Structures are given as structure tokens and as C-alpha cells.
Amino acid sequence: MSEKQNAKQSIVETASKLFVTQGYHATGLSQIIKESDCPKGSVYYYFPKGKEELAIASIECTKQEVLAKWHDCFDRNEHPADAIAMCINELAEDVAKNEYEGYVPFSFWLAAETSSVSDKLREACQSVFAAWQNVISSRLMVTGIGQAKAAELGMVIVSLLEGALLLAITNRDTTPLLSAAKYVPYLITKCPSL
């Protein structure tokens, strides 16, 4: 990775961490510059439109990281229910390892806060949830589940995951995530036909 790519990646990673831990509104470009150890001009060079553009890059980075985890779990399991349960269980391990702080693959408060800031940020948030739902839905369809049912299940599973993550972080307890992982196979096999 070149020095330029390292600087840009450092800025995005720092911004992502700060947006999650303190929120979009409470995070300033000066703090991002200071904590990323990058020259002031580099933030404006890579993100000439400012904080909104940087937030969109952070959201996209998070989307791709989590998509890679979904694909990895699906590649390691024959049945989608097992892959989804594995992904949620691995998330529970990561959350506990990070001591429930500053860990959000995306989650409710980040999406809710940035969605109200601008249409561009709202659309970036929509893109995250849609991508995660689509990867789940497409894998469910491979097993013979119809498109409409698979799409609905994808939405329900992402909603379940995000809610369980919010509860786990709030309660500092992985039980909501572990319970969600346990019930995923039931959702997939018992969902009414559409």
C-alpha cells in the first residue's frame, strides 16, 4: 500500500471510529486530523467536500468490511442458516473482545443520526442495509427459497442482528446476539411462504 493510500485509509479509519464513539455531530475535522496523525491538508485533499464526504467514505468502508465477513461465513458453510448463525456468533465474540465499546459494524444510532443530516448520508445508509440484505437473500435463494421470501428474510435477519447488537452493547452482554444466532435457522425454515 502506498503512502497516499495509507494516509487516506488512516483518515477513514479514524473518522469511522470517532463517528461511532462520539457521533457525527460531535466529531470535527480537526480531531480527525489530530488522531489520524496525517497532515491537515491531506483530509482536504482526499475529501474536498468535507465531513459529509468523509462520512460517506466511512460508511462505504464499513459496508465493505461487513460484506467481506458475510461472504466469508457463507463460503465456509453449506447452508445459509449455519453461515448466518456463524456470522452473528463471530460478531458476539468481536463485541466482547472489544469490551462493548466503539464497536459497531453500522448499527441503529449511526444510521439514525447520519440519515437525518442529509439525503446523501441517508442514501449511503440505505445502501449499507440493502447490500447486507441482498447478500443474505441471494444465498437463501440458492437453496430454493423464492425471491420475495428471501428478500423478506434478509430484511428480518439484518433487523434482528442490528437490534441484538444494540441490546448487547447497551447491556454489555452477548446474550442477545447469541440468542439471535440460535433462532436464525428457525426463522429460515418456519417463515411462511410468500
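## Thr-27 and its surroundings

Let's start with a single side chain: that of Thr-27 reaches the backbone oxygen of Gly-23 at 2.7 Å. The side chain of Thr-27 also makes a polar contact of 3.2 Å with the side chain of Gln-22. (A polar contact is a pair of N or O atoms within 3.5 Å; within protein, one must be able to donate a hydrogen and the other to accept it, and residues adjacent in sequence count only if both atoms are side-chain atoms.) Keep in mind that this is a predicted model, where local features need pLDDT of at least 70 and side-chain atom pairs count only at pLDDT 80 or more, while totals for chains, interfaces and linings use all residues. Residues are numbered from 1 along each chain as its sequence is written, and side-chain values use heavy atoms, with hydrogens and water left out.

Where does Thr-27 lie? You'll find Thr-27 in the loop between helix H1 (3-22) and helix H2 (29-36). (Helices are DSSP runs of H or I with at least four residues, strands are runs of E with at least two, and both are numbered from the N terminus.) With a relative accessible area of 1%, Thr-27 is buried; buried means under 20%, exposed over 50%, and partly exposed in between, using a 1.4 Å probe and protein chains only. Skipping residues up to four places away in sequence, Thr-27 touches Leu-18, Phe-19, Gln-22, Ile-32 and Lys-51, where contact means heavy atoms within 4.5 Å. Thr-27 and Lys-51 are 24 residues apart in sequence, and their C-alpha atoms are 9.0 Å apart in space.

## Phe-19 and the aromatic pairs

Phe-19 sits in helix H1 and is buried, at 4% relative accessible area. Leaving out neighbours within four places in sequence, its contacts include Tyr-24, Thr-27, Leu-54, Ser-58 and Leu-110.

How many aromatic pairs does the structure hold? There are four. Rings of Phe, Tyr and Trp (its six-membered ring) pair if their centres lie within 6.5 Å; planes under 30 degrees apart count as stacked, over 60 as edge-to-face and the rest as tilted. One of the pairs is Phe-19 with Tyr-24, which is tilted: 5.5 Å from centre to centre, with 40 degrees between the planes. Tyr-24 is buried too, at 7% relative accessibility. Another pair, Phe-129 with Trp-132, is edge-to-face, at 6.1 Å centre to centre and 85 degrees between the planes. Phe-129 and Trp-132 are both in helix H7 (residues 119-142), three residues apart, which is about one turn of the helix. Trp-132 is buried, with 2% relative accessible area.

## Helices side by side

Two packed helices are described by the angle between their axes and the distance between the axes. Axes are lines fitted to C-alpha atoms, for helices over the stretch in contact, and angles run from 0 to 180 degrees between N-to-C directions. Helix H4 (residues 51-75) and H7 pack at about 5 degrees, with axes 9 Å apart, so they are roughly parallel to each other. (Angles under 35 degrees count as roughly parallel, over 145 as roughly antiparallel, 65 to 115 as roughly perpendicular and the rest as oblique.) Among the contact residues are Ile-59, Lys-63 and Trp-70 of H4 and Val-128, Trp-132 and Arg-139 of H7. By class, this contact has 15 nonpolar, three polar and five charged residues. (Ala, Val, Leu, Ile, Met, Phe, Trp, Tyr, Cys and Pro count as nonpolar, Asp, Glu, Lys and Arg as charged, and the others, Gly among them, as polar.)

Now for helix H5 (residues 80-97) and helix H9 (residues 175-190): their axes come within 8 Å and cross at roughly 170 degrees. That makes H5 roughly antiparallel to H9. Their contact includes Ile-84, Asn-89 and Leu-91 of H5 and Leu-177, Val-184 and Pro-185 of H9. The class count here is 14 nonpolar, one polar and no charged residues.

## Two positive phi values

Most residues other than glycine have a negative phi. Asp-37, though, has a phi near 55 degrees, a positive value in a residue other than glycine. Asp-37 lies in the loop between H2 and helix H3 (40-46) and is exposed, at 70% relative accessible area.

Arg-172 also has a positive phi, near 55 degrees. Arg-172 lies in the loop between helix H8 (147-171) and H9, and counts as partly exposed at 44% relative accessibility.
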